[in-house]
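User: Hi! I have a two-chain model open and would like to talk through how it is put together. Could you walk me through it?

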Amino acid sequence: MKANKLILPVVGLTALIMASCGGNKQSNGLTEGASGDMEAYENSDVNAMEQARPTIMVIPGDQTLQNFKCLTTQKANGRDYILRDYKNYLLKDDRAKRIISTIQNEFNAQNYPLSDFEQTLKQLDTQEALDMADGFEKDAKTQLLTVAQPDIILELSYDTSRDKISLTSHNYNNKGEKNISFTLNALDAYTNKVVATMTASNIKGESTTQAIQESIKDGMPKFQQDITKYFSDILTRGRDITVRVAVENGCNVNFSDESIEGDTYADWIIDYIKTHTVKGAYKMQRNTDKELYFVNCRIKLLNQDGTQYGVYDWTRDLQKNLRNNLGLKCTNKAQGLGEVLICIQGIK
Amino acid sequence: MAFALSSCGEKTNKKFNPVDRTGKLSIEERDAAIAAKKAELEGLNLDTLLYSHGVKFSIVQPKVQGEDITQDISDRISMKLLQMACQNGISGLGENPDFVFGTEIAQTGRAATGTAPQKMTVQYQLTFKVMNTATGDVYATATQDVVGVGNSFVEANQNFVKEIKNTPEIQKMLQTASERIIDWYNKNVQTVKNQIETAAGKGDYDLALAIASSVPQQATVAFQYASSKLDALTKGLMHKKAADMLGEMTAAVASAGDDFDPSIGAYFKLIPTDSPEHAKAQELYNKYAQQCKARRDALEAKAERDEQAAREFEKFKMMQEHEKELAEIEADKIKSKYASQASAKAAAAKAAANRKSGGLFGSIGDAISGTFDRVFKVADVAGALATDKLGLGQYVEKAEFGDFE
């Protein structure tokens, strides 16, 4: 009865709002209040971060998956494989949606909408079915990349436990106090750098969702500030990317071989990276005959004409230089905002 | 606090002023460049390698390997191999006991990604081989590393088959093998003669026919000899199979009743007149012919009063008038069935003798024998290919989906 009394005014109010919005037949209620000046926007300065806006997505962490028995280990050929069942987790954990919505809401309030993980998974399923219907050809690499690919991952893990009660206590209704802990980490998907963290442990309360929601709201200003600092750093020092140069199967050169310019291929590539990164920022991590791997390489964000300059463009420039100067045929396999991959096929 | 993403970019003092990409080629130069590119791409076309030295290969079905390479996956790989072999010339499953085309499959890796949704990958190395089952010689090999991706390991294994590519390297390997095989026949005419004559002398017409029918046309001398022996060997085989054919004929008569069935005439035609089964076959055929005649007379009488009976009578009459031609077609099918069985039997016998060599070679007999049900399907597909001018893609697709069963 009480619930009904509440529902009726809410429905009535909603109907009133909807009716008033749609009262003007010239416009749709939802778009009536919208405004914008495209000309002013086009004439304003170029915003590199807006041109290639990073996708941020909340994804459950492994610990949480395990708590819901959605993370299993399989042994095959003497090796352990961790299997993560995200779809099952989203069905099993009724708190997940509410906690994730709180985080999304906080970002939305600051005009930065997050991509929704659950919806992305559904969209990927739909896309797969549509691709089958359209008869699109998909190779193994395409299939591997047909996944949720946020540029910044907000990894959410939470756990609950109860205080141990004394065995001598005669209060059998006492289950012990509930302790709630959670961690929210913002990770750069390409460099694995932790951009911001929010953590809380031993929060007391009977409602896990409510306790986490409140704690997230409290910690969000600092968390968002850290992410903003990360974006500002990109705008100042360039995008932080990883660069991987690898040789394909059957390639007729190795990185330690001497190039036509006298240096080894590895030397030539390192010199190129030194001069084509912002203030020569890079760090070598692997140097073998078959692979060169660099992290913390900083690249510019814009071309002279204000068009964006990303990892694909950077790789394309390197590819052209390798072809024109050393006669190497390569393929550009750059992905997303921060991953350079160039495959050397050899001198052909 | 304003989330500072938008404001972050306000200090660039750079306006968006993109420059269009402009080509340096004139219209004529562009047309010429497109034509050159097209020619370059056509140069890679597998069709250029087709039908150059095609030798008929038998396809060996890959071994089933637990939950990874299931029977279904093995069947699908066989069809891929058939497609490759067909591009090199003529092929079939279990057609030729001497020269086989197969692949050994070794799992070289498997992994699970850390993405969402998680993807599973399996990696296999396929070693393609063309071998002589009689001698154990390997004529040519090629390898291919293949990765399969899916939402589970089972799906990844299913998808890896799609990644097996018919590459110019494989066609080159088949071509090389064909050339070497032809060379082998050219240099071993006497060996082939001895094999056929010895087998026929022992009454092993299965083996003799299998060896004779496997000689490639390009090995002129050996082929002429083998062709000259085919009729006699087929007759010998039919003698051996007369009892089987009489059994089939009896079953067909019982099933047909007074309906027309061209396979009855075909069996009767194939049972040699000098075989002990011929008299019984003659009696059976006469009885069947009488039944058909009675049916025809009844239909003819009825046709005067009944329009539907008139149509049925016309159809029956037409089929009887073409009985000879229809029986010929059926006889060819029956002969090819026995010839294929002979090939498989010969292959199985050879493989059993060489089983000690293990691997692909050791299991060839089983693999070829195991595919026999499909020989006829492929023969039918080949017929459809010839008559309906189906493209190779449709051909394999039909074979895969069992349209010809």
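Analyst: Happy to! Let's start with a helix on a sheet: helix α10 (residues 208–237) of chain A lies across β4, β5 and β6 of chain A, and runs at about 160° to β6(A). Lying across rests on contacts, where two residues are in contact if their C-beta atoms, placed from the backbone, lie within 7 Å. Axes are lines fitted to C-alpha atoms, for helices over the stretch in contact, and angles run from 0 to 180 degrees between N-to-C directions. Helices (H or I, at least four residues) and strands (E, at least two) are DSSP runs, numbered from the N terminus.

User: Before we go on, what kind of model is this, and how is the numbering done?

Analyst: This is a predicted model, in which local features need pLDDT of at least 70 and side-chain atom pairs count only at pLDDT 80 or more, while totals for chains, interfaces and linings use all residues. Residues are numbered from 1 along each chain as its sequence is written, and chains are lettered from A and ligands numbered from 1 in the order in which they are written.

User: Thanks. What is the strand order in the open sheet of 4 strands?

Analyst: The order is β1-β4-β5-β6 in chain A, with mixed pairing. Two strands pair if DSSP finds at least two bridges between them. β1 and β6 (194–204) of chain A are the edge strands with a single partner each, so one side of each has no neighbour in the sheet. From one strand to the next, the twist averages 15°.

User: Which pairs run parallel or antiparallel there?

Analyst: β1 (residues 56–60) and β4 (residues 152–162) of chain A pair in the parallel sense over 5 bridges, and Met57(A) stands opposite Ile153(A) in β4(A). β4(A) is then joined by 11 bridges to β5 (residues 178–188) of chain A, and these two run antiparallel. Leu154(A) faces Ala186(A) of β5(A) in that pairing. β5(A) and β6(A) are antiparallel too, with 8 bridges, and the bridge partner of Asn185(A) in β6(A) is Thr197(A).

User: Nice. Which strands stand at the edges of the sheet of 5 strands?

Analyst: That open sheet has the order β8-β9-β7-β11-β10 in chain A, again with mixed pairing. Its edges are β8 (283–287) and β10 (328–332) of chain A, each with a single partner strand, so one side of each is left without a neighbour in the sheet. Neighbouring strands are turned by 20° against each other on average, direction ignored. At one end, β8(A) pairs with β9 (residues 291–299) of chain A in the antiparallel sense over 4 bridges; Met284(A) has Phe294(A) as its bridge partner in β9(A). Helix α12 (residues 311–326) of chain A lies across β7 (239–247), β9, β10 and β11 (339–347) of chain A, at about 170° to β10(A).

User: Which residue in the β2(A) and β3(A) hairpin has a positive phi?

Analyst: Asn77(A) does, with phi near 50°, in a hairpin that has 2 residues between the strands. β2 (residues 71–76) and β3 (residues 79–84) of chain A run antiparallel and are joined by 6 bridges. Thr72(A) stands opposite Leu83(A) in β3(A).

User: Switching to chain B: how much of it is buried?

Analyst: Of its 405 residues, 37% count as buried. A residue is buried if 20 or more other C-beta atoms lie within 10 Å of its own, exposed if 12 or fewer, and partly exposed in between, with C-beta atoms placed from the backbone. Chain B has 17 helices and 5 strands.

User: And why is Glu248(B) partly exposed?

Analyst: Because Glu248(B) has 18 C-beta neighbours inside 10 Å. Glu248(B) sits in helix α9 (residues 242–256) of chain B, and its C-alpha atom is 7.7 Å from that of Tyr267(B), 19 residues apart along the chain.

User: Last one: how many residues of chain B touch chain A?

Analyst: 29 residues of chain B are in contact with 35 residues of chain A. Elements giving two or more residues to the chain B side are α1 (5–8), β3 (99–112) and β5 (138–150) of chain B.
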